[in-house]
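Let's take a walk through this protein together. Have a look at the fold, then read on.

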Amino acid sequence: MRYEPYQEEYDAAQSMSDEDLLEYFMYRIVEMDEVWGLKESRQWILRVVDGHETLPVWPYRRYADEAAVGEWENMIGVAETLDFFMYQVLNKLTAQGVLVEIMPRKAAAGCLISPQRLFNFLEGMRDSRDFVLDD
């Protein structure tokens, strides 16, 4: 199992559409069985994007570590298991009204999605080993 993105996919991620980012993220976190975020102490960092509080997340450590600059320079990239992310983190975010921000990049915010919708996609993907983004 690899623990880094291939250079081609890393380069491509910089200009992916929101739909492509979401698909890429979901496939990779299911493959790796982990989700990366930035933490300060024991808390995942949150930020505001377009007036919404969000939790930024990535499929690989490389992406998370590269995001730890500027106001996030003291943050640490930390992985959680996919199960913990799905059943603990996403439930908590739903209760708090916080969106998930998939893979914010240097030049752009990430794909914003509700935690419940992401949970439903991931659960369907795990059940069928495939998924479709259409509702």
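A residue counts as buried when its relative accessible area is under 20%, exposed when that area is over 50%, and partly exposed in between (1.4 Å probe, protein chains only). What you're looking at is a predicted model, where local features need pLDDT of at least 70, side-chain atom pairs count only at pLDDT 80 or more, and totals for chains, interfaces and linings use all residues. Residues are numbered from 1 along each chain as its sequence is written, and side-chain values use heavy atoms, with hydrogens and water left out.

Start with E9, which is buried at 11% relative accessibility. E9 forms a salt bridge with R28, with their closest N and O atoms 3.1 Å apart. (A salt bridge here is a side-chain nitrogen of Lys or Arg within 4 Å of a carboxyl oxygen of Asp or Glu.) This pair links distant parts of the chain, 19 residues apart: E9 is in helix α1 (residues 7-13) and R28 in helix α2 (residues 18-32). Helices (H or I, at least four residues) and strands (E, at least two) are DSSP runs, numbered from the N terminus. R28 is buried too, at 19%, and its side chain also meets that of E31 in a salt bridge (3.5 Å, N to O). E31, though, is partly exposed at 36%.

Now for strand β6 (residues 99-102). β6 pairs with strand β4 (residues 52-57) in the parallel sense over 4 bridges, and with strand β7 (residues 111-113) in the antiparallel sense over 3 bridges; pairing takes at least two DSSP bridges between two strands.
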